[in-house]
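Thanks for coming, everyone. Let me put the model up, and then I'll walk through it piece by piece.

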Amino acid sequence: MIYVNGEPVDTRAQPTIRDVLVERGIDPATAGIAVAVDAEVARRGVWPTRTLEDGARVEIVRAVQGG
Amino acid sequence: MSTQPQDNGRTASPPLQIAGRTFSSRLLLGTGGFTRMQTLDAAIEASETELVTVAMRRIDASAEGSLLDVIRNRGVDVLPNTAGCFTARDAVLTAQLAREALGTDWVKLEVIGDERTLLPDAPELLVAAEQLVDEGFVVLPYTSDDPVLARRLEDVGCAAVMPLGSPIGSGQGIANPANLTLIVEAAGVPVILDAGVGTASDAALAIELGCDAVLCASAISRATDPVAMAHAIRHAVLAGLLARDAGRIPRRTHARASSPLVGMPEFAE
């Protein structure tokens with residue numbers, strides 16, 4: 001079990017960040033998105049290889065309208 | 001020296017520079033509060049801004065993806081903020097995510113200390129500012145109208161300071177012009193009035209008081225006609241600059257006649 005944007009997600013053993021994006025229907029090539037794992041930025045370059053441990057907290061963000 | 005405005009409406013004042021970058025517009029536009037992307041697009045055009053703010057939030061599969069397209073198609077740059085962060089830690093992480101997502105190391109740093117007033121948390125703000133400067137960010141901090149805090153933010157290397165006129169979205173204008181003047185007098189970096197602008201005259205006053213630029217979000221996005229207000233505030237910023245360059249008269253306690261005191265005719269009884 002990992003947490004993606006606050007929601008618990010059942011995953012196969014140790015998915016990569018890229019796997020998580022794809023499973024959520026997000027094209028990893030999408031411009032303007034960023035990922036944090038356990039309160040640290042995971043650079044785009046590591047998404048295909050960085051695996052997520054059980055309990056990992058993943059935040060996927062993008063720009064929205066804001067003052 | 002002539003302060004005559006040129007044909008393009010620019011003044012004799014040198015253009016705004018932040019962190020070595022030159023801007024011909026002194027109006028920054030917040031993108032929050034626009035109910036339609038088309039209105040935002042038209043407001044960007046009407047404002048003639050060159051820098052617009054965005055917030056960073058969890059991706060929502062249902063959300064439209066055109067915000068960055070709208071901004072970039074207008075040829076303006078994006079300034080991510082850390083709105084909604086209540087700690088230095090969260091603000092720093094949000095800035096880092098914004099840099100990763102948007103490819104800019106500029107950040108409008110907000111660390112909020114109180115939900116009801118949305119006033120800045122001064123100690124957390126200073127901690128976050130220092131850390132982000134150390135990490136190579138161009139930091140534009142949203143700050144209270146405290147001249148000492150503004151100086152401290154400049155001392156840790158912020159590229160500008162962004163004091164509030166009054167609380168975010170309140171439309172109360174410039175609550176403490178005396179403090180704002182003190183900040184402007186002491187600052188060695190650009191001062192950008194951020195928050196509180198309600199209408200065009202507030203923006204003009206900010207520039208007349210010596211601010212280098214004004215950031216507006218709600219004043220434009222929540223106006224009855226946002227595009228018309230963007231147009232109005234653009235002109236207000238320019239009017240404020242022209243007036244400042246022109247040199248206003250001093251305030252006087254009593255009247256001073258502008259018509260001659262001599263040569264009055266004496267009328268028959």
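Chain B has a mean pLDDT of 93, and 94% of its residues reach 70 or more. pLDDT is the predictor's confidence in each residue, from 0 to 100. This is a predicted model, so to speak of local features we need pLDDT of at least 70, side-chain atom pairs count only at pLDDT 80 or more, and totals for chains, interfaces and linings use all residues. Residues are numbered from 1 along each chain as its sequence is written, and chains are lettered from A and ligands numbered from 1 in the order in which they are written. The model scores ipTM 0.94 and pTM 0.90.

Over residues 1-7 of chain B, pLDDT stays under 50. The model has nine contacts beyond four places in sequence for that stretch. A contact is two residues whose C-beta atoms, placed from the backbone, lie within 7 Å.

Now chain B overall. Chain B has nine helices and ten strands. These are DSSP runs, numbered from the N terminus: H or I over at least four residues for helices, E over at least two for strands. The radius of gyration of chain B is 21 Å, close to the 18 Å that the globule rule gives for 269 residues, so chain B is as compact as a globular protein of that length. That radius is taken over C-alpha atoms, and the rule is 2.2 Å times the number of residues to the power 0.38. The C-alpha trace of chain B spans about 85 × 40 × 40 Å along its principal axes. Of the contacts in chain B with a separation of 6 or more, 63% are between residues 24 or more positions apart.

Burial next. Buried residues are 46% of the 269 in chain B. Buried means 20 or more other C-beta atoms within 10 Å of the residue's own, exposed means 12 or fewer, and partly exposed is in between, with C-beta atoms placed from the backbone.

Take helix 6 of chain B, residues 177-186. Which residues are buried there? L180(B), I183(B) and V184(B). Seen down the helix axis, the buried residues fall within an arc of 95°, so they line one face of helix 6 of chain B. The arc is that of the directions from the axis to the C-beta atoms. On the other side, A178(B) and E185(B) are exposed. The cover over the buried residues includes helix 5 (147-155) and strand 8 (162-163) of chain B.

Pairing requires at least two DSSP bridges between strands. Strand 7 (residues 138-143) and strand 8 of chain B have two. There, T143(B) stands opposite P163(B).

Now the interface. How many residues does each chain give to the contact? Chain B gives 27 and chain A gives 21. By class, the chain B side has 17 nonpolar, seven polar and three charged residues. Nonpolar covers Ala, Val, Leu, Ile, Met, Phe, Trp, Tyr, Cys and Pro; charged is Asp, Glu, Lys and Arg; the others, Gly among them, are polar.

Strands cross the boundary too. Strand 5 (residues 57-65) of chain A runs antiparallel to strand 4 of chain B, joined by five bridges. A63(A) stands opposite M56(B).
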